[in-house]
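Please describe this structure for a student who is new to the subject. Take the spaces inside it, then a sheet, then some details of the backbone.

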Amino acid sequence: GGSLFFGIDNDGIVKGLEDVQHVCEAISSRIRDYMDPLPEVEMIPHDVDGLHILQLKVNAGHYTPYYYVGDGQRIAYVRVGDESLPATAEQMVRLVLKGSNKTFDSLHTDYKAEDYSFTILANSFKDRTKQEWDKKYLLSFGLVTGAGNLTNAGALFADDCPLWQSRLYCTRWDGKEKGDAINDAEFTGNVLMLLREAMNFVKSNTKRGWEKLPDGRKNKPEYAERAVLEAMVNHFIHRDYTVMGSEVHLDIYDDRLAVTSPGGMYNGLLIQDLDIADVSSERRNPILANVMAQLDYMEKRGSGLTRICNETKALDGYKEELKPVFKSTPTQFQ
């Protein structure tokens, strides 16, 4: 998705084209000879101060990846900053999934559902919804296939999760930067277990002061528990599980708590360029998100980031400089 303008130099100065028709034909020929599949494009001529320029509008494609085919090669490129670089193996997986209208969590695995138990999921469901767990939910939630195999989402919710990239690294650092660690822990497995361990680590490694009142006491924690929970849920749901040697990182410093996960914004935008209140809910892992919503760990309206801000704002002693900060790159979210 985007436009290329011909007849304008790199400094944005209009130079004009002598023969727009010839340029149109040359572009069409190049696209036809060197791209597969063919992208949807429009060529729109414009006149600027009597000079002819050409806008090549490229519509967002649904059949990714789009390959450059020439010189005996077949290469897919991705844009990183101001460069076009050959796609890595992980980026190719994501492009193929997108082009086939599939998500990682919906893919079928070779793991047989009968070989795995879902006690943690069943207990969480009963505890949080006050309803009895039924085995048929595994199929209706999209965790197992009709043939009795686990989907990747099912593997993530299995007690003995076989996906080794489902990991959490927790560290309490001594100071305000990464240096010496006061405490650390690593966890691998079921996504609900990782969430529980993350919350336990935060409780064990942050201060939870209180103020005495005439009729009791008032808790004054360093961080809003619901904000931390919302952040951890977001990272486990929206992280990119196609990045094999990866994990969610929870880092606690003297002055801040940071959560980092692999995979940038699903739509390719940068979170720091957006208004948090207007961020739309686009899900890299919709099955995972749906199950977490059923367990009442999240809402489906894309309000998680706003809630993190609001829960933090409600704490005693809040100042504007303590507002949560969100950053993303094409490869990670923090």
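## The largest cavity

Helix α6 (191–204) gives the largest share of the lining of the largest cavity, 3 residues. Helices and strands here are DSSP runs numbered from the N terminus, with at least four residues (H or I) for a helix and at least two (E) for a strand. Both α6 and α7 (225–238) supply at least two residues of this lining. The structure is a predicted model, in which local features need pLDDT of at least 70 and side-chain atom pairs count only at pLDDT 80 or more, while totals for chains, interfaces and linings use all residues. Residues are numbered from 1 along each chain as its sequence is written, and side-chain values use heavy atoms, with hydrogens and water left out.

The count comes to 1 cavity of 30 Å³ or more, and the largest cavity has a volume of about 70 Å³. On a 1 Å grid over the protein atoms alone, a cavity is a set of points where a 1.4 Å probe fits but cannot get out; a pocket is an open set with protein on both sides within 12 Å along at least five of seven lines; lining residues have an atom within 4 Å of a point. Grid points are joined across faces, edges and corners, and a volume is the space filled by probe spheres set on the points. Residues lining the largest cavity include Met199, Lys203, Tyr223 and Val228. By class, its lining has 6 nonpolar, 1 polar and 5 charged residues. Ala, Val, Leu, Ile, Met, Phe, Trp, Tyr, Cys and Pro count as nonpolar, Asp, Glu, Lys and Arg as charged, and the others, Gly among them, as polar.

## The second largest pocket

The second largest pocket has a volume of about 1100 Å³. It is lined by 36 residues, of which Tyr223, Arg256, Leu257, Leu322 and Pro324 are the closest to its centre. Two or more lining residues come from each of β13 (216–221), α7, β15 (257–262) and α9 (304–313). The most, 5 residues, are given by α7. The lining divides into 20 nonpolar, 6 polar and 10 charged residues.

## A sheet of three strands

An open sheet has 3 strands in the order β1-β4-β3, with antiparallel pairing. Strands β1 (2–6) and β3 (41–48) are at the edges with a single partner strand each, so one side of each has no neighbour in the sheet. Two strands pair if DSSP finds at least two bridges between them. Between β3 and β4 (residues 51–58) there are 8 bridges, and Met43 has Leu56 in β4 as its bridge partner.

## A stacked pair of rings

A search of the whole structure finds 8 aromatic pairs. The ring centres of Tyr34 and Tyr68 are 5.9 Å apart and the planes are at 10°, so this pair is stacked. Rings of Phe, Tyr and Trp (its six-membered ring) pair if their centres lie within 6.5 Å; planes under 30 degrees apart count as stacked, over 60 as edge-to-face and the rest as tilted. Tyr34 is in helix α1 and Tyr68 in strand β5 (residues 67–70), so the pair ties together parts that are 34 residues apart in sequence.

## Backbone details

Most residues other than glycine have a negative phi, and most peptide bonds are trans. Asp36 and Pro37 are joined by a cis peptide bond with omega about -5°. Another cis peptide bond, with omega about 0°, joins Thr64 and Pro65. Asp71, not a glycine, has a positive phi of about 55°.
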